[in-house]
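Hello,

Here is the structure I promised to hand over. Please take a look, then read my notes below.

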Amino acid sequence: YNDMSGKKLSCSSKPCHARPPRITLLRKMSKAILPIIVNFDLFGHAVAQCFQDPDTNAEWALIINKDSTSTEFSIEGSCCQETVCGLKCPEETPPPAKMFGKAVIASILFFVTVGFASIFVIKGKSENYFVAGRSLPLWVIIATLASQSIDSNALLGCVTLSYKYHFWDGAVLPIGLGCSLILNAVFIARHINLDRALTLPDVFAKRYGKLVEAMVSCCTITSFLCLLAGNLVGTGAVLAYLLTMTPTGAIWMSAVLVFAYTVAGGLYSVAYTDVLQAAVGWLGCMTLAFYSIKNEKITAPPPSIGFPSYKYPDDTTCEMYDGVPCENDVTACCYNTDKWCPSDNKCFYDNGAYPFGDQSHFTDQMTNAYSLTPFPNAVVFNWANIFVLAFGNLAALDFQARCMASKTAKIATIGCAIAGCLTFIVGIPFAYLGSITRVYYGPDSARASFETDSCHIGLGLPTCARWLPDQDGFLKYLTNEVPSFLGTWCLIGIVASSMSSMYFPLLGILFFIR
C-alpha cells in the first residue's frame with residue numbers, strides 16, 4: 001500500500017478501490033470482471049451466481065452449503081459481497097425530497113418563458129436571431145461565455161471523475177476550458193468579431209467558398225451533436241434522479257424544452273437566460289463548493305479504522321484507533337474489537353479501503369506517473385485532456401458565437417479573458433467535491449458496493465477488489481448531505497447551464513438549413 005519511500009498513498013484511484021482480505025478465500029479466481037448476477041429459483045429463493053466461472057461458483061456453493069451436490073448458494077437476506085467477501089451489504093440512500101425536483105422544474109420553465117419572450121426582441125431579423133444584433137455588452141458576454149464553459153459536461157463530468165478517480169482527473173476539464181477562453185481572447189476573439197459573420201461556417205465561406213462552408217457546417221453539426229448528447233445525458237441524469245423517472249424520458253423532456261425556446265428566440269433567448277444562469281446557476285455551484293470545502297469536517301476519507309482482525313499498516317494509525325496486538329502476531333497492531341465492536345448491534349467499522357487515508361488532492365499527480373501507486377496515474381491522458389480542450393474549443397461555435405454577438409471587438413476579447421478566469425474559479429474548486437463525496441459514498445462508506453468477481457494481484461485481493469462508484473453519488477450528496485437551499489441552488493445551476501450549451505447544435509442545424 002505504500003512505495004519504498006514510505007509515502008502515504010490513496011486507494012481511491014484508477015482502476016479500482018481495494019482493501020485487505022478479511023477471510024480465507026478461494027485459491028483460484030476468475031480473471032474476468034463482470035457484474036454480479038442474481039437469479040431466482042423455482043421456489044422464490046435468491047440464488048447467487050457471484051462468479052462467471054461455474055466451477056468457482058460451485059466451489060463456493062460447497063463451502064457455504066456444505067453439500068457436494070449443490071452448485072448454487074443462496075444469498076437471501078444478504079448479497080454477494082457480504083456472503084463471499086465478508087463486506088456488509090450497502091445501505092440504501094433515501095430518495096430525494098420532492099421539493100428538489102419541483103424547484104428544478106420551476107427554474108426550467110422560467111428560463112423557457114424568458115426564451116419565448118425574446119421573440120418580441122428579434123423582430124424577424126436573422127442578425128438578431130443568430131448573433132443577437134451584435135449588441136451584447138461586456139457584462140452579458142462574460143455571463144454567457146462563463147455559463148457556456150461551465151455546463152453539465154464540465155460540472156458533473158468534473159466532480160464525477162474526481163469522485164471515481166482523483167482530483168486532477170476531474171480538474172483538467174475546467175482547466176482546459178478556461179485555457180481555451182484565454183487563448184481565444186489572446187489570438188482569435190477580436191478577429192471573429194470584426195469579421196461580421198453570422199456563424200462560424202460563414203468565416204470559412206468568406207475565404208474558401210460555399211463548398212468549404214458546407215463541409216465546415218457538417219463538421220460543426222456533427223461535433224456539436226456530441227456536445228448536445230453530453231448535456232442531454234447530464235440534464236437527464238439530474239431530472240431522472242430528482243423526479244424518479246427513466247433517464248430516457250428525462251432526456252426527451254430536456255430536448256423538447258430546449259428545442260422550443262431555442263427555435264423561438266435564437267441567441268437573444270440564450271444570451272439573456274445566460275445572465276440569469278450566471279446570477280442563479282454557476283454562482284450557486286461556486287457557493288456550494290466553497291461552503292463544502294470550508295465547513296465539511298472531513299474533506300477526504302481518513303485512514304480506515306478497519307474491522308475485527310484488521311491489521312494497521314503503521315504505528316500512527318494504530319495509535320489513532322487504540323489498536324491492540326494481533327492474535328496471530330503479537331508484534332503487529334490490529335483492530336480493537338473490545339472498544340469498537342463490543343457487540344453486533346454496537347459495532348463501528350469500515351471496509352479498510354484507505355489504510356493510510358485519502359487526500360483531497362495529490363500535489364504531484366500531474367507530474368509523477370507513480371503518484372497514485374499502487375494504482376495507475378493517468379498523467380499523460382490528463383495533460384492530453386487539457387491540450388485537446390484548450391485548442392479544440394477554439395473552433396467551438398458556442399464560444400465564437402458570443403464573440404460575433406459582442407458590441408465591439410474589445411468587449412469580445414475582454415469577455416473571453418474574464419470568462420476563462422471565472423471557469424477556473426468555479427470549476428477547479430468544484431473538483432474538490434469529489435473527495436468529499438467519497439467520504440459519504442466512497443469505498444469506505446456504509447453505502448459502498450464492490451464487484452465480487454474481481455481481483456487485484458498486486459494487493460493480494462482475490463475477490464471484491466473493484467469498488468463500484470455510485471453513478472448518482474454526487475446528486476445524493478447534494479440532496480442528503482448539504483443544506484437543502486445550497487443543494488437546490490447547485491442543481492438549478494447544473495441544469496440551467498446545460499440548457500445554454502444545448503442551444504448551439506440546434507442553432508447550427510437551423511443555420512445550415514437556411
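Start with Ser360. At 19% relative accessibility, Ser360 counts as buried, since buried means under 20% relative accessible area, exposed over 50% and partly exposed in between, with a 1.4 Å probe and protein chains only.

Before going on, some background. This is a predicted model, where local features need pLDDT of at least 70, side-chain atom pairs count only at pLDDT 80 or more, and totals for chains, interfaces and linings use all residues. Residues are numbered from 1 along each chain as its sequence is written, and side-chain values use heavy atoms, with hydrogens and water left out.

Ser360 lies in the loop between α14 (337-340) and α15 (379-392). Helices here are DSSP runs (H or I, at least four residues), numbered from the N terminus. The Ser360 side chain makes a polar contact with the side chain of His361 (3.3 Å). A polar contact is a pair of N or O atoms within 3.5 Å; within protein, one must be able to donate a hydrogen and the other to accept it, and residues adjacent in sequence count only if both atoms are side-chain atoms. Setting aside neighbours within four places in sequence, Ser360 touches His166, Phe167, Thr299, Ala300, Tyr432 and Ser435 (contact means heavy atoms within 4.5 Å).

Next, helix α19 (residues 473-480). Seven of its eight residues are buried, so α19 is largely enclosed by the rest of the structure. The buried residues are Gly473, Phe474, Leu475, Lys476, Tyr477, Leu478 and Thr479.

Best wishes

Definitions and conventions. Helices (H or I, at least four residues) and strands (E, at least two) are DSSP runs, numbered from the N terminus.
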